[in-house]
Amino acid sequence: MTLSFVLILLTLTGLTVSAVFFFGWAARSGQFRDLNAGAKTVFSPDEPEGKPSDSFPNQERPKL
Amino acid sequence: MHKATILFIGFLITFATAWTGLVLLPARHYNAQAAQLPAASSADEALIDRGRQVYQANGCLYCHSQQVSPRHFRRDQERGWGERRTVSSDYLRDKIALLGTMRTGPDLANIGIRNPSASWHSIHLYDPQLTSPGSTMPPFRFLFEPVKDGAVADAFALPDGTRVAPTADARALVAYLLSLKHSQGEPPDAFEPPAK
Amino acid sequence: MTDSAHSSIDPVAIERSREERIRIDAAARGPLLHWLASAVFWLLLGTTLALAASVKLHDPEYLANHAWLTFGRVRPAHLNTMVYGWASAASVAVGLWIMARLCRAPLRHGWSLHFAAVLWNIGNAVGTWGILTGGSTSLEWLEYPSGTAPWLLAAFAVAMWQGVDMMRRRPPGHIYVSQWYLFASLFWFPLLYATAQVLLIWKPVAAPAQPPINWWFAHNVLGLWFTPVGLATAYYLIPKVLGKPIHSYYLSIIGFWSLAFFYAWNGMHHLIGGPYPAWLISVSVAASVMMLVPVLTVAVNHHFTMIGNFRALRWSPTLRFVVFAAMSYTLVSVQGSLTAIRAVNRVTHFTHYTVAHAHLGMYAFVTMMLFGAIYYMMPRLLNREWPSAALIRVHFWSCAIGVLFYWGTLSYGGIEQGLNLQKPDMPFLDIVARTLPYLRMRTWAGVLMTVGHLAFATSFLLMLFGKARATSTPTLFANPAAKPNPA
């Protein structure tokens, strides 16, 4: 029974400490700056913004 | 320190203390109480415990709850499902609190009080239609076995004349059901072990 | 970070990015197809168990004479194979692929994921067998017998390690919201699962303390494992398919952190009116209502991104599933917040309404989102087109109509059931009799959903075994064979 509580306390502490660490790190490393550019990280030169990338099989991709 | 970090530390301390309050402390509290209870020793207790395992193995929980709601909240008590709402200490002596989340079938918290007939439960388990026509509870014929002679005490006759008797698992399950008297009398005092 | 506006005219950058994408998809192929194929197997088994369970509820004599097929075993077998065998396995595959894409990091040591898939499948097989043979723990969402957890945790440890490995190799700069959700969920799920296993199964705490822990676990599996995977998928695939970035992206950051904070408190709303102190329940009810904050930010985000682009649903199979799922997320979450309110809960608790709500979440949101992701992933993993647009359409419409019919009829029936339970003079068997038409309708909905699953499985197998026609029209999926290119 004591083992369970020790595990829980360790888990809780670990979770809390790591969450604080990650949030702090994110703030410090500029993750929350320039969110407009951030939104575009899903794109790349060969799958660029403006080019749809799905279609039904054997059908033309229409322009959007 | 970055302002957002301070704010966030605040959030997480609140989160951690809430979790401690919601999960950790209740668990410690009930464990301390349970530790004071005398261990089950009689053969009856062993049979009831086996019955609980049969209840779990066959998923009775998925249709039956075992908790009586407060009088002002639901009408459980007017249905005869209990004299009072169940509280945490009602389940202190159980190995697992089979509270359930569905009432496809009736609540069973005090079934041992409102229906104490072992033979009714046997017949009902064998084929619910025999006692409760229109019920959607499945038959548990596989918990029974046919008997040829009249030597078995709790054997019963089916409508077509054949006789069946409960297996050990069925007897255990019935004993478990009859032991369910969760909302009887005053709630057990959580700070004192209930009188044996 | 490359500025896509400039690089669209730089052929070297385009070629390099194309090669990188091919490498990522190629490295993912074997291991993730193993996970996806496993997931589809469990989906089919779970569907069979679902149909059996549904019929048994209105026809109790159906397959009733065998212990291993009794409703009380088939129902948890269905739930666990769907949650762990189908949805979690598909989530691992989809999650790792999106991570690989966003981290620009091909999966390494693919053998470890193959090994993990084998462990995962063994765990689910042992668990399902255990339930059907009478070993269920009777703890909801945790019914697999105790010997199962090590297999599942060991397999998941590999997935966690792979996630960390890819994050460490990511390019410098912005971490996209999907990466946050996925990375966090890879840690949250095993923590939840291990905690629940220890406190409920391995070294069980006292009985009264078990239900709160049980429902803390079950609800957090939804909110801290499946919801993050589902939202990460939507945040990645909606802009990818449309070619347009998420509108109001900053809202997604707010959504992530508020989800992480509020969600874990919700669990007690499964126990309203139960044998617990009022303050415990009230905290959960409050948290459940506060969930409207992250949920509505997500809804606004997705809606504003899709506004003006709904015609894309005509030509994108992925988007149909993803948008349906995203809307279902909003619906089920708002429904959840309302259902947690005591005045509503006193009627709906203990009824079929809850089951309908659960399926709106696990199916209309999670499962449909995973379907959408698989439709996007597979052609890129295999360099082939899906064999048949017709099969995709059958899949979508059968499942979309099926689940909405499921939810609508069973919610209505459940509310009626709940109102009847509040009439003490109404005999219980009368209440049961009145639910039967809705239970039968649920079976029909299930049949429709099964048709969809069969269409999906057919497409999937045809894709896997290369029966799809290679396309001759230009597509966006680069075929390595078409160019001399070390993939």
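Predicted model: local features only at pLDDT ≥ 70, side-chain atom pairs only at ≥ 80, totals over all residues.
Helices (H or I, at least four residues) and strands (E, at least two) are DSSP runs, numbered from the N terminus. Local features need pLDDT of at least 70 and side-chain atom pairs pLDDT 80 or more, while totals for chains, interfaces and linings use all residues. Residues are numbered from 1 along each chain, chains are lettered from A in the order written, and side-chain values use heavy atoms, without hydrogens and water.

**Chain C: helices 2 and 6**
- At the start of helix 2, a side-chain oxygen of C:Asp10 comes to within 3.1 Å of the backbone nitrogen of C:Val12.
- C:Ser178 sits in helix 6 of chain C.
- C:Ser178 counts as buried at 0% relative accessibility. Buried means under 20% relative accessible area, exposed over 50%, and partly exposed in between (1.4 Å probe, protein chains only).
- Leaving out residues up to four places away in sequence, C:Ser178 touches C:Ile98, C:Leu102, C:Ala232, C:Tyr235 and C:Tyr236. Contact means heavy atoms within 4.5 Å.

**Chain C with chain A**
- Chain C gives 64 residues to this contact and chain A gives 39 residues.
- About 4,700 Å² is buried between the two, with 65% from carbon and sulfur atoms. Buried area is the accessible area (1.4 Å probe) that two parts lose on being put together, summed over both.
- Four salt bridges cross the interface. A salt bridge puts a side-chain nitrogen of Lys or Arg within 4 Å of a carboxyl oxygen of Asp or Glu.
- C:Arg21 pairs with A:Asp46 in a salt bridge at 2.6 Å, N to O.
- C:Arg21 also forms a salt bridge with A:Glu47, with the closest N and O atoms 3.6 Å apart. C:Arg21 lies in helix 2 of chain C and A:Glu47 in the segment after helix 2 (35–39) of chain A, so this pair joins two chains.
- C:Arg21 is buried, at a relative accessible area of 7%. A:Glu47 is buried, with a relative accessible area of 7%.

**Chain C with chain B**
- Here chain C contributes 65 residues and chain B 65 residues.
- The buried area is about 5,500 Å², 64% of it on carbon and sulfur atoms.
- One salt bridge is counted between chain C and chain B.
- B:Arg141 and C:Glu61 form a salt bridge, their closest N and O atoms being 2.7 Å apart.

**Inside chain B**
- Chain B has six helices and three strands. From the N terminus, its elements run α-α-α-α-α-β-β-β-α.
- Of the 196 residues in chain B, 52% are buried.
- B:Asp169 and B:Arg50 meet in a salt bridge at 2.9 Å, N to O. This pair links distant parts of the chain, 119 residues apart: B:Asp169 is in helix 6 (residues 168–178) and B:Arg50 in helix 2 (residues 43–57).
- B:Asp169 is partly exposed, at a relative accessible area of 29%. B:Arg50 is partly exposed, at 38% relative accessibility.
- B:Arg84 forms a salt bridge with B:Asp90, the closest N and O atoms being 2.9 Å apart. B:Arg84 and B:Asp90 are buried.

Methods: Polar contact = N/O pair within 3.5 Å; in protein donor to acceptor, adjacent residues only side chain to side chain.
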